Amino acid sequence: MHLSGKSFQYLLIVVGLLISCNQEKSYTEVSPLERMDPKRMETPYPEVSIPESADLTSPRWKGIDLSPVAPLNPLSALEEQKTFVLQPGYSMTPILTEPLIKEPAAIQFDGNGRMYVLELRSYMQDIDAVGELLPTSRISRWEDKDNDGIYEDGVVFLDSLVFPRFVVPFGPGTILSMESNEDNVYKYTDTDNDGKADKKELFATGLGRSGNVEHQTSFLTWTMDNWMYSTYNSKRIRWTPDGVIQEPTGNPYGQWGVTQDNYGQVWFQDGAGGVPRNFNFPIVYGNYAVKEQFQKDFRIPFSLVRLADFEPGMRETKPDGSLNNVTGAAGNDVFRGDRLPKELVNQYFYGEPVGRIVRQVYSEKKEGITSIQNQYLDIESEFIQSTDPYFRPTDMATAPDGTMYIVDMYRGIIQEGNWTQEGSYLRTKILQYQMDDVIENGRIWRVSYEGMERDKTQPRMFEESAATLVKHLEHPNGWWRDKAQQLLILRQDHSVESDLVKMAQSSDNELARIHALWTLEGLGLLNKDLVLDFLEDESINIRIQGLRAGETLYKYGEKSLEKSYIEMTADADPSVVIQALQSAYILKITDYEALLKKLQASNPAKGVQLVTKQLLEKIDKAKKMAETQYSPEELVLFNQGKTIFDSYCATCHGVKGLGTPTGAAGGQLIAPAFSGSPRIQGHPEYIVKTLLHGLTGAIEGKEYEGVMIAMSSNDDQYIASVASYIRNEFGNSGSFVTPEYVAKIRKETEKKDGNYQYNALLAEVPKALAPQDNWKVTASSTSLQGVGSTRDPSYVFGFKGWKTDGNQKKGSWFQVELPQAAALTEVSFETGNDEYPRKFKVSVSIDGKQWAEVAERTGENGAITISWSNNTKAKFLKIENLEDADKPWSMRKLSLFAR
């Protein structure tokens, strides 16, 4: 579907002329009120009663006023523009609005400056969130082809999505995204250049979670250190030429918003908490409790909307009816552009859609600790305020033109349905002002400053040479620097190595030096000498970047850097000392615990004291957790596997499971990385067969110097321990492999002669079938599970899962019909809360009429796998309960495997 904004505007005008004699209007002049029911304006106005369950003496309800009032009417974009109260010199201009987009929640730009818009078209379309998980959302892409500042030409790049969590431009015609209640990130590509994605590939797994749509993973973001971070996930992922790897991190505590500053510090935006999170130290080093990070009165918003229409109720209402405590923040950006006043550069901004404000935050760093404050606290104001109750800022971004863009969902309800149910405070206020029907709008605004024209240079990075991209690393706009770095890494073009080294060593632009350093790191071209040069630099920022980038070399075996990390803990600046300590901790250099204790006793800087104290506490906690994390049997396998890996496997696969470099230019590896590998974390048959019989040849088209030899001379315990350790270390999470399972595979493959070839092995191993829209999923009954859900049994494939409508009954069933027959061999799912099937059987059929039972077993809490050796092709699979129970039967993350 291709939408021309100008033709759309013309169509609207024609329709308008057919039904009225009014003058022609631009769509920015058309109020949403014109397509709403006119009866909403009729008197008498609704009388909303106090719910019977309400306690009018409680802080939430005391003082509530539900007097009938006229409805709050939405405005056109141009009328809304007049409601903004801005700081002197600033203005806001609409650059893309409804009807071209609906329910925009986030934006991103690709290398050619095209803007991707995340349109959450199912979000709160009524007060009960009916249909919120229907596949009606989309990701659209927009261009300003005539360079007039308005995005007039758009395409629906990806349609029919279930509440997508993010959009990440990932090279020409390619994005990454993930839907709600799913665990997989997919790469979507437009292969025929028609503006619509037509190819879908698995990119990464293990990033999803269940819950209401406000409490799931969002904003996957590629940052300066070449890793990608997201909200909620205590891990980071990274694309490499050898596949996607991952590492554990602290808990980001973010909800809707991830961004970075000019020096790569990642900021996460909390939602209900209303404040930014984890901005003091990189999240990869874990979480820190920093009591003084929010200055006095930071949480007080200065809103011009005085309706007391927010979930905390009267307890967080000022006497004038406005919000007295930030409560629903969304979207964030560290402004890094060059077409707004320089005072804004590297300052943090975030939206508070409940308060209808955008806040500007300034930072102060003392003794290694950052504290933040509202830039306009002294005048009791905000960067952006509005008197329009439908202004809902949900995202903001530094744009390619050097200004800042604000995403405005422009809607009545900005709280998920769990908080608008019958009897809730918020529901009464929504109904009082008739705000529930203000939907299907959305505006994107450009923030400008008088006398500073936007940059009209239109990016064309996809067509530019690598040498030109290197020059962009010196651009004054951080968006250009980030995008050029990312594209250079995706291209893996090593021809610019000398240019990057020269820039890193001698550019008079500090930010360019830093980007050049990380680009070399991402290309596998970083060397120890450059890192050492950075550690000796007079700039505090440069020394810190050298410490962080050097971690990659250390992980790949450059242990000579250990001395440098120890020496840098004596630096004169507390921030450098803190970074050196955190690097020593994460790398586990020799005697790092003693080093932390030494600095705790000798360096009085507040930041050093905080970091050493809390890192030592984490070390003690980790020691205790290690004793209880696994069952006794699993712990034996894990520890034995670690011993074997460290003494044998690490030679080729690297001490951190990242692969060992060959030493040749370009970062080639002796053997593939294990970290985050879907092969390693996938079906255990793959790793067991590899260990037993070895593996040679290219893996996914990539040749490696080493050869995986057969290890079948070792016993089953040996093989099981190595497999279990690798599947549960290096950020991986997989089931443990038992010696009994190894014995079974050994017996089945005892006639195997020679090593496996990768493609032949892959053909043997059961493969998880990716659920498709044309799968027909049915069940004997299906319950509703939460606000916005439907009785859809296909939820079984995600985190939300499926559940019977009532307790388990003998004969209740769950069925999947595939579009084509497959050699089904295994089914797995997760269950808990004693809602597992007490005893069940699996049957398959080619026509849905004649069934063959292939397996039977008892259930249990946790992960359940049942397999069978009869691999007859079938189109239908049925799981049937064989016993009654006084609990429902539930399943989630169901997977079908076929050979």
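Me: Buried means under 20% relative accessible area, with exposed over 50% and partly exposed in between (1.4 Å probe, protein chains only). So what makes strand S20 mostly covered?

Reply: Quick caveat: this is a predicted model, where local features need pLDDT of at least 70 and side-chain atom pairs count only at pLDDT 80 or more, while totals for chains, interfaces and linings use all residues. Residues are numbered from 1 along each chain as its sequence is written, and side-chain values use heavy atoms, with hydrogens and water left out. Now S20, residues 348–352: five of its five residues are buried. (Strands are DSSP E runs of at least two residues and helices are H or I runs of at least four, both numbered from the N terminus.)

Me: Which residues of S20 sit on each side?

Reply: Tyr348, Tyr350 and Glu352 lie on one side, Phe349 and Gly351 on the other, and all are buried, so both faces count as covered.

Me: How do you know that S20 pairs with S19 and S21?

Reply: Pairing takes at least two DSSP bridges between two strands. S19 (residues 330–334) has four bridges to S20, and S21 (residues 357–366) has five, so both pairs qualify. S20 runs antiparallel to S19 and to S21. Val334 stands opposite Tyr348, while Phe349 stands opposite Gln360. In the hairpin of S20 and S21, four residues lie between the strands, and Arg356 takes a positive phi near 60 degrees.

Me: On to the helices: why are H5 and H7 called roughly parallel?

Reply: Packed helices are described by the angle and the distance between their axes. The axes of H5 (residues 478–491) and H7 (residues 510–522) cross at roughly 20 degrees and come within 9 Å. Under 35 degrees counts as roughly parallel (over 145 is roughly antiparallel, 65 to 115 roughly perpendicular, the rest oblique), so H5 and H7 get that label.

Me: Which residues of H5 and H7 make the contact?

Reply: H5 brings Arg481, Asp482, Gln485, Leu488 and Ile489, and H7 brings Leu511, His515, Trp518, Thr519 and Gly522. Contact here means heavy atoms within 4.5 Å. The residues divide into four nonpolar, four polar and two charged.

Me: What makes Tyr686 buried?

Reply: Its relative accessible area is 6%; the cut-off is under 20%, so Tyr686 qualifies. Tyr686 lies in H16 (residues 684–693). Leaving aside neighbours within four places in sequence, Tyr686 is in contact with Arg679, Leu695, Tyr758, Leu761, Leu762 and Val765.

Methods: Axes fitted to C-alpha atoms, helices over the stretch in contact; angles between N-to-C directions. Nonpolar A, V, L, I, M, F, W, Y, C, P; charged D, E, K, R; others polar.
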